[in-house]
Amino acid sequence: MNGNGFHLKKIKLLKHLPKSLNQLTKIKRHKHHPLLHHLHKKHGISRKTLLYIKEYGPHSHVAMVIIKESLKVLLLASILSAFGGFALEEIKTLFVSIIPLVILLPALNDMIGDYGTIVSSRLSTMLHENVVQKKWWQTPELKELFVQIAVVAMITAALSAVIAMIIPVFTSGYDIALGNAMKIFVITIIDVAVLVSILFFTSIYAGLRIYKKKEDPNNFLIPITTSIADFGNMAVLALLVMLFF
Amino acid sequence: MKIFDKNFKEIFFSQLVSIFGGLIAGTFLAIYTDKLLLIPGMLILIPGFLEMRGNISGTFASRISSGLFLGVVKPKYHETKLVKGNMWAATLLGIIVSAFLGLIAFAFTYFTMGTLAPKIILLPVIAALLTDLIEIPLTWFATIWLFRKGHDPNNIMGPFLTSTGDVSSVIGLLVAMVIL
């Protein structure tokens, strides 16, 4: 019998399995209980399945578990987005008068956030696979990832800028001068280039530090990079609009 | 160095889907600028509101996908305790986070412009409820459908949900404006 009242010898027998699985739901979430290890070893149930049963088993309140775990992160993400929004709100009159930029805003936010997620998850996998060299800039896989993301980012940024300038011509007869069209195109390219570079180097710096501390970079890098993307995109966009217009 | 490989194609096509949704949402914003964006505090609210939808629906789809792969969620269109719990959580999270965003926008407009606009708190909450009506069943059906067709929903649902989430959120905000 262990501290939590579970009889570890009993659960080694298959006939006690359903009861043992129910007991999983009573274990506090942050505890790495030996019961999980025993069930995995003795009954060959994958650790992921055991984790799922522990979190969302028949005796747990599924909605409450999810809300408890997700709310803090969602509120933090909202605060960061709101901070980015403060910058745009300050130049609102100017910003809403440039219709293509209004059309581009959600697309840019999505795009840059997605690049943050891709870079973070791919870098985390590379760190786990020990692919990243001590001199990280000499790692061919990292160079390839950077070039791929940069190329996709430039193509999609250019494409979305052009589409965003064409749409208002058809929807509201918006007449855009060549000079302004060039400015919008350049703003989009600079915004995406600056943020992709920031995201890439922040991911590497933070990822290496987190990995050295024997933590899983997956759990930290995605929230860090998506937050930088949200806040950064709107702040950089506001700055560029003030500079160019 | 191989640049134009399978990874490049996957990233590129998922981004095209994501941009498509973002541009549609942006077009709605541009058409209804006078009704939406000119409201004080709206530029603080909208980016967070759009992002929240993707985050909530994305994690909902990801949990259902994990459940499907582990066998604890059956690939059938009937609601089990686990699915219902997930749906309730996604709905409630949407309402709580929307109200929070509304409060931030309200505080900002009050302290910087001296404008009292309580409407900005209620607006995202109603919009979140309306968006939930579309997004939550859509996420559930699409995840199950993709799994039944032999796809990994994790690879497809992310960009799909950010696109649909952007469009339905902006429409939700516009309908909420009409209601209020």
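This is a predicted model: local features need pLDDT of at least 70, side-chain atom pairs count only at pLDDT 80 or more; totals for chains, interfaces and linings use all residues.

Residues are numbered from 1 along each chain as its sequence is written, and chains are lettered from A and ligands numbered from 1 in the order in which they are written.

**Helices of chain A**

Helix 9 of chain A bends by about 25° at Gly232(A), where the bend at a residue is the angle between axes fitted to the seven residues ending there and the seven starting there. Helix 4 of chain A (residues 62–90) has 29 residues and reaches 42 Å from its first C-alpha to its last, close to the 42 Å expected at 1.5 Å a residue, and it bends by about 40° at Ser70(A). For helix 8 of chain A (residues 178–212), the 35 residues should span 51 Å, and the end C-alpha atoms are 51 Å apart, which agrees. Helix 8 of chain A is followed by Lys214(A), whose phi is positive, near 65°.

**The contact between the chains**

The contact takes 51 residues from chain A and 51 residues from chain B, two residues being in contact if their C-beta atoms, placed from the backbone, lie within 7 Å. On the side of chain A that touches chain B, helix 4 of chain A gives the largest share, 17 residues. That side divides into 32 nonpolar, eleven polar and eight charged residues, with Ala, Val, Leu, Ile, Met, Phe, Trp, Tyr, Cys and Pro counted as nonpolar, Asp, Glu, Lys and Arg as charged, and the others, Gly among them, as polar.

Ser70(A), the site of the bend in helix 4 of chain A, is also one of the residues of that helix that meet helix 2 of chain B, whose contributions include Ile44(B), Gly48(B) and Met52(B).

Chain B has five helices and zero strands, and its C-alpha trace spans about 55 × 45 × 25 Å along its principal axes.

| Helix pair | Angle | Axes |
|---|---|---|
| Helix 2 of chain B, helix 4 of chain A | roughly 150° | within 7 Å |
| Helix 2 of chain B, helix 4 of chain B | about 30° | 10 Å apart |
| Helix 2 of chain B, helix 3 of chain B | about 165° | 10 Å apart |

Angles under 35 degrees count as roughly parallel, over 145 as roughly antiparallel, 65 to 115 as roughly perpendicular and the rest as oblique. Helix 2 of chain B is therefore roughly antiparallel to helix 4 of chain A, roughly parallel to helix 4 of chain B and roughly antiparallel to helix 3 of chain B.

Within chain B, the contact of helix 2 with helix 4 involves, among others, Phe49(B) and Phe60(B) on helix 2 and Trp140(B) on helix 4, and by class it has ten nonpolar, five polar and two charged residues. Phe49(B) and Phe60(B) are also among the residues by which helix 2 meets helix 3 of chain B, where Leu93(B) and Val97(B) are included; this contact has 15 nonpolar, seven polar and one charged residues.

Note on methods. Axes are lines fitted to C-alpha atoms, for helices over the stretch in contact, and angles run from 0 to 180 degrees between N-to-C directions. Helices (H or I, at least four residues) and strands (E, at least two) are DSSP runs, numbered from the N terminus. The expected span of a helix is 1.5 Å times one less than its number of residues.
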